[in-house]
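Good morning, and thank you for making time for this presentation. I should like to take you through one model and the parts of it that deserve attention.

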Amino acid sequence: MGDAEEQSLISKDVSAAPMEEVLLGKLLEASSYERSGDIRRAAAIYHEIVAADAGGTWGQSAQKALETIEAQDSNSGPNDLISTDTTGEYLPHSYDSGSPLGRDEVGNVVVPEIKPQTHISNPDHRSGRRGTSSRRLLSVRWTMLGAAAFPIATVLIAALWWLPQRFEQRWTESGATDQATLISSAEVKSLLEKQRQVSLLVGFLALSVTLLVSSNVMSSLSRHLHFLAQQIDRRLQGSTIDEPGLNILGASENEIGTLARAIQNLSHYSAQCEQKLADAEYSKQIDLESATRETQRLQQQVIELLVQIEEVRSGNLTARAPMIDGKVGSIADAFNATIDSLRYIVSQVVEVTQSLTEGARSGEASVRQVSDSALKQSQTLKHAREDVAAMVVSIEQVSELAQSSAQVARTAIEAAHDGDLAMDRTVVSMEKIRTAVSNTSKRAKRLAESAQEVSQILAIVTGISEQANLLAFNASIEAARAGEQGQGFRQVSDEVRNLAAQVSEAAQDIERLVQSIQEETASVINVLEVGTSEVVNGTQLVHQTQKTLSHLTTLSREIDTALQRVATNTTTQAETSQQVNQTMKSVAEVSLENAEAAREVVEVLQQLLREVSTLQASVNRFQV
Amino acid sequence: MKTIFVVEDGNTEQAMIKALLSQAGYDVLLSSSVDEAWKKLQGMATLPNLIVLDIVMPGKSGLELCRMIQEDSKFQSIPIIFCSSKSEEFDQFWALRQGAKDYVVKPYAPQALLDTVEKHAA
């Protein structure tokens, strides 16, 4: 693969474009690979980022991502991801800057300290060289083995040789009880005794041989061991060890060789350990220094916090602990939050006491005013009650006057009524007069008409008498011609002529009488007509008078009604006034009570003001 | 599209978180201080689905903003996660006590941040 090419490409990119953008791009790319499940490529890019920006934001994030990936990887099973995709150069970056927490989780890959052990314990590079003097030592092992094995083997053989016989006897003994007497207990004892003696003899011989052989081996062994012990001493004292000597000893395959190699390895290992110890000491020193610095910083932060707390204790609630990125940050924040709440509470208390003070002061003034007003009101009400009492008296007088006036009005109504009745009677009489006059007038007229008719009849009578006279004259003439025979006739005609003359005269008299009757009748009719018109006028006057009287009655009635109403009203007024008077009396009492209560309220408010001022004094200790 | 409101004072941190969230398909709003963020939040027509808060910032801290949000009935419902380099257990304890849903320690693995955001973005 072109890993190397890619690497060089990256470094070129980094140098060419702004570092941050490139890293951002890489991180995004890796993140998207990671999300799409291509962990291998994601890890590769994360490694690139770590390499480019080990201590920076990008590098740290990528590092974190790698740790997560690796943790998942170790959980999911073996994968050659790291070994193939990353070269060793990433590892120091990866795990020098990583947090200790992360390192624990990926121990098998991370901790390289374990490796030197296996490295040290592998002495392959020395195995080719073998010294001749150590060849002798090969026999030592065999000699020692022989020395140890010989007495044991001898004793075993002796025991095995004896054992079958013993078991055979015992078998015969248990198999046939009737032969129990064949081997007595004395025989068994002597057999055991013999066996013990043989064993002791054989053991003594074997021991002697062993001692002989081993004394030779031991001398050579002690020399080598002495040499090795010397080397260990020298190593312990810090001086250099005899490397060539150890190499020669270590070349042999026997125990001394092994021991020599082990000592050599131990020496190397202890050298490494010393180096590590020194390194550890150094880093411990560094850690200690940084821990000291951290402690000092912490001390500083705690002191700052304490100073702020002290400020608050002395009442300054504006104090705030700085929200630093340190260990006490959260405590500082909790402190700030608490102070904020406290400040809010205290500022509310201040506000409330202020408004309470103002309220109590203005309340006190108001209540005083109320008290004064109540007193004034009570005074005013007293005057008002007197006025109302006077008014009641006046109203009663008015009522009485109204009632007597009503009486007068009622009398007037009765008088008017009587007048009206009299008028009615007058009107009736006058109507009768008028009717009588009218009848008389009619009769007079008829009389005049009768006289007229009489006059006309008289004219007829006069005409008849004139004709009778004429006829009598003619008869006398005729009688005269008839001479004496007509004498008698002449006399009758003369008589008729006389009668006619008399009738004419009588008619003339009647005529005169009729004329005088007509004249008289005419004057009577005139008089009657005048009388009638007088009666009509009189009737009209009476009617007018009646109307006037009726009007008067109506007026009087209205006056009566009005006066009665006045009387009723004034009575009600009098009663109401009495009630008003009573009410005002109780109002005046209440006013007095109010004045008293207001005075008490003023006292309470003054007490409240004293308490509020105490509270204010306490709260004013705080600066908000 | 879900909106994430990020309050973070560091330029690099801002760039990184914005890029990561944008790439994951979120709409990202940014503020550099608590006061600015609070003002911005008041003026928002639609509330964000999640607020990501840094803790240590100049002026007021993210913890204070968290409390301000929690005390306001308008914003109470918005889930909050902290993203801070304060890594102590008690820091996380305290931050979560202020009403936050989760805590991401800086430096964070990109996927860890995205997982946490996805878990809580309402």
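**A partly exposed arginine, the chain contact and the cores**

Let me begin with a single residue of this predicted model. A:Arg434 counts as partly exposed because it has 18 C-beta neighbours inside 10 Å, whereas a buried residue would need 20 or more. This arginine belongs to helix 14 of chain A. Which residues does A:Arg434 contact, leaving aside its neighbours within four places in sequence? They are A:Thr532, A:Val535 and A:Val536. For A:Val536, the C-alpha atom is separated from that of A:Arg434 by 7.5 Å, although the two residues are 102 apart along the chain.

I turn now to the contact between the chains. Chain A contributes 23 residues and chain B contributes 23 residues. On the chain A side, helix 2 (19-36), helix 4 (57-76) and helix 14 (329-481) each give two or more residues. Helix 2 of chain A gives the most, with eight residues. Sorted by class, the chain A side holds seven nonpolar, nine polar and seven charged residues.

How do helix 2 of chain A and helix 1 of chain B cross? Their axes come within 10 Å, at an angle of roughly 35°, and the crossing is right-handed. From helix 2 of chain A, the residues involved are A:Glu20, A:Leu24, A:Leu27, A:Leu28, A:Ser31 and A:Ser32. They meet B:Thr12, B:Ala15, B:Met16, B:Ala19, B:Leu20 and B:Gln23 in helix 1 of chain B. In this helix pair, seven of the contact residues are nonpolar, four are polar and one is charged.

Next, the cores. The largest nonpolar core has 52 residues, of which A:Tyr46, A:Ile49, A:Ala62, B:Val52 and B:Leu53 touch the most other members. Helix 3 (residues 39-52) of chain A gives the most to this core, with seven residues. Beyond four places in sequence, B:Leu53 touches B:Val7, B:Gly62, B:Leu65, B:Cys66, B:Ile80, B:Phe82 and B:Cys83. Another core, of seven residues, lies apart from the largest one and includes A:Ile241, A:Leu246, A:Ile256 and A:Ile263.

Finally, a word on confidence. Chain A averages a pLDDT of 79, and 82% of the residues score at least 70. Where does pLDDT stay under 50 in chain A? One such stretch is residues 1-16, with five contacts beyond four places in sequence. Another is residues 78-134, for which the model has 59 such contacts. Where pLDDT is low, the predicted coordinates should not be read in detail.

Definitions and conventions:
Residues numbered from 1 in each chain as written. Chains lettered and ligands numbered in written order. Predicted model: local features only at pLDDT ≥ 70, side-chain atom pairs only at ≥ 80, totals over all residues. Contact = placed C-beta atoms within 7 Å. Helix = DSSP H or I, 4+ residues; strand = E, 2+ residues; numbered from the N terminus. Nonpolar A, V, L, I, M, F, W, Y, C, P; charged D, E, K, R; others polar. pLDDT = per-residue confidence, 0-100. Axes fitted to C-alpha atoms, helices over the stretch in contact; angles between N-to-C directions. Left-handed = near helix turned anticlockwise from the far one by under 90°. Core = buried A, V, L, I, M, F, W, Y, C linked by C-beta atoms within 7 Å. Buried ≥ 20, exposed ≤ 12 C-beta atoms within 10 Å, placed from the backbone.
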